[in-house]
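The sequence and model are shown first.

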Amino acid sequence: MKSFMFFNLVFALVVTGSLLNGCAVLGKECTNIPTELSSHTFRYELLTSNNETWKEEMFSQYHLIHTEESVWSNLLPRKVLKEEEEFNWVMMYRNMKNPDGSNVQGGFLNEISLHDVRLDSESEHGKAQQTNLEYLLLLDVDSLVWSFRKTAGLPTPGKAYGGWEDPSVELRGHFVGHYMSASAQMWASTHNDSLKEKMSAVVSALSVCQDEMGTGYLSAFPSELFDRFEAIKPVWAPYYTIHKILAGLLDQYLLAGNAQAFKMVTWMVDYFYNRVQNVIAKYTIERHWQSLNEETGGMNDVLYKLYTVTGDSKHLLLAHLFDKPCFLGLLAVQTDGLSGFHANTHIPIVIGSQMRYEVTGDPLFKEIGTFFMDIVNSSHSYATGGTSVSEFWSDPKRLASTLQTENEESCTTYNMLKVSRHLFRWTKEMAYADYYERALTNGVLSIQRGREPGVMIYMLPLGRGYSKARGYHGWGTKFDSFWCCYGTGIESFSKLGDSIYFEEKGEVPGIYIIQYISSSLNWKSGQILLNQNVKPAVAWNHLEATLTISSSEEGTSPVSTLHLRIPFWTYQDGAKAVLNGQNLSLPTPGNFLSVTRKWSAGDKITLELPISLRTEAIKDDRPEYASIHAILYGPYLLAGLTSGDWDVKTESASSISDWITPIPAAYNSHLISLSQESENSTFVLTNSNHSITMENLPESGTDSSVHATFRLILKDCDFSEFSEPKDAIGKSVMLEPFDFPGMVVTHQGKDESLVVADFADTSDSIFRLVTGLNGKVGTVSLESESQEGCFVHSGVNYKPGSSIKLSCKSGSSNAEFEQAASFVLENGISKYHPLGFVAKGVKRNFILTPLFGLRDESYTVYFNIQS
């Protein structure tokens, strides 16, 4: 019996490659019908709708298409599940792939524990982490576990959260799993005691629920959802939620040492192992494959990880059973058939297959991960590093026609970072490190709304004239959203330190530094404490990083190597590396600078890397879209502030610096907003579609705040004399709208409205800034240089939208006139970002600012660049 099964297994393994083509044939039939049901957004709207006719119509078409029996089924014959102790198929498979018993992971870079990395609290990443920590601490334990207690038949104190955690939503409980992972990661990153107490309380509450049910089952919804799943009846992805719970419990054990969580996760897996075994025993393994066409999250991934902890062959076998053959088969034969697939259903399956490679050493799964990353990056990725439109992959190299509000689901970026992280650890190839930096900088940092805890986005709009605040979802809320992207969002901002450093074991150990983020590393095996200080990037300077060994165990620290990434976006001219005052020879960009020595306290490496400006064509091979490009400064994607314009003409420019120039740091001190009080409200001078009006005082980070900010341009004055707006009083000035560089406010004559026009050397746009005619401290008035005695004038008791005119003062004193011509002079509501530039356009110029720095402002990340 054993020898017969062994023969069948060997035969199956030998023919795997050829039979996988059978999966490729039906690859598109690897998802729910109708396809819209794969979308989380669509499914939530459908299930929460009161339109029963719509529900009936959609679910009447629901079925999961039969996928062809393949060798993947043969690899897991039903008898294995029944005769596991007699014949350990799983361990035999590992031995065949790794006959000498060596460690499969040999040659991989090791992860650095979050416990050993600390972010600088003043860095962009440190501030983002702190914002997320504040959100995790805001969330209430009773509200998080409310539906778990309800399902277990326990009392339910408190109030359930809303959104996707509402007790009526079938996906409820998914965010709680993410919360356990995120809080474990955040605790490892900060050792915040309050968070440790809260996350432990969540685990304890869930343990009570699991004990009460008594079977090992644990979820916020009853097991009846799995009955529907196994019967191929409409249900919203119950294994998706189970994956999150399993991953959260495992992270609580691995990162926080919670032994209770470990008992819970293994008991849960026993329950689901038996469920899957029963399905296969009752029907066939093919029936199980069919059920996987409903989204199952990263079940294979978490089960492979659990196996690395337990060594329990059941866990490895169950992980294999969640490897989705109809999708992985496409990748195994290296076919780009991604279009039409729901992106975030399938990226986690690839991540799981990468773990299968790390666990078993099977090279097929290494190739699958490598090919997948190649095709996503080359044909399906935007300049942010993100992918997907309305949650799905579109046709390859056809992205120009997909730009809209519903681009780049945040979950997909979270998961693509995992894919690239695995690949970098395996290969040390720079392309994967470059990708990680790009996607983290633009796709992750961009999804928080400034420093507001618990306010994040689902999609990252990439169409022209759109905003993060305007879209199907817009910004979420703290307690009533809980989308899938809220779950991955809180994880992303809890583990920002996990991919700065990687460790290489060996006779001469080493650290790979792949991101320049101010942080510290306690490298225990290297016996040194490394401090990385990175000056905030600016538009007019180099990246400057200093690495200092602040302590070491004298006489005991081994010889080791620091490998410093020299990214592709820099260039050698002007680049510099210095070790303790001695210049080092730098490799070409796209390689690592490796420095080997016995490190001592006080050793210091300084690195200066020029940051290049460049344009990057959208991934679209149609000639009519060849002019569509993004603009990047190093890893930073620069968005142009615009309501829709995107035309740039470079004409005879020989260099990108001929049409894109950095904004000097001093310009922020030249920015002003002019306000008045009227009928107990505050109004500000505003550029309203090239007409000057008075509008309500806006919140910063909005289109209105941009339109209410102007730059003072001094006429015939030395800018060195101008350090703050009040320094301009008594001088002749022009007003340049913040987002229309090169244009100025101009009057059209007495009693005519003010407008915004192209800059021209005429006196109609020059005003003398004088102390306010009303005589109040802090106010100013603007007197026309060409019309002496005429002032910028708002009127009396006006409403929002009232036009500003040039009005002339009569001979006698007029209090109303003087008040209407006096404005409070304040610093500009909007500010130029340190990474800000000006790009010359066809009809207007553009302010460029990094995408991650925007909140509600309208922008474009692609431009129509005509040469």
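## A loop residue and its contacts

Leaving out residues up to four places away in sequence, Ala-728 is in contact with Leu-712, Leu-714, Phe-722, Val-733 and Leu-769. The model is a predicted one. Ala-728 sits in the loop that runs between β23 (710–714) and β24 (732–737).

The relative accessibility of Ala-728 is 0%, so this residue counts as buried; the cut-off for buried is under 20%. Between Ala-728 and Ile-713 the C-alpha distance is 9.1 Å, with a separation of 15 residues in sequence.

## Nonpolar cores

The largest nonpolar core contains 212 residues, and Leu-249, Phe-327, Phe-372 and Tyr-862 have the most contacts inside it. Helix α13 (residues 259–282) supplies the largest share of this core, 10 residues.

Phe-327 touches Cys-30, Leu-338, Phe-341, His-346, Val-350, Phe-372 and Trp-393, again not counting residues up to four places away in sequence. Another core, of 29 residues, lies apart from the largest one; Leu-712, Met-743, Phe-767 and Leu-782 are among its members. Leu-712 is also one of the residues that Ala-728 touches.

## The five-stranded sheet

Five strands form an open sheet with mixed pairing, in the order β3-β5-β6-β10-β13. Because β3 (110–111) and β13 (591–598) are at the edges and have a single partner strand each, one side of each lacks a neighbour in the sheet.

The pairing of β3 with β5 (residues 501–504) is antiparallel and spans two bridges. Glu-111 is opposite Phe-502 in β5. Helix α21 (residues 430–444) packs on the sheet, where it touches β10 (559–566) and β13, and its direction is at about 65° to that of β10.

Technical notes:
Residues numbered from 1 in each chain as written. Predicted model: local features only at pLDDT ≥ 70, side-chain atom pairs only at ≥ 80, totals over all residues. Heavy atoms only, no water. Pairing = 2+ DSSP bridges. Helix = DSSP H or I, 4+ residues; strand = E, 2+ residues; numbered from the N terminus. Contact = heavy atoms within 4.5 Å. Axes fitted to C-alpha atoms, helices over the stretch in contact; angles between N-to-C directions. Buried < 20%, exposed > 50% of the residue type's maximum accessible area, 1.4 Å probe, protein only. Core = buried A, V, L, I, M, F, W, Y, C linked by side-chain atoms within 4.5 Å.
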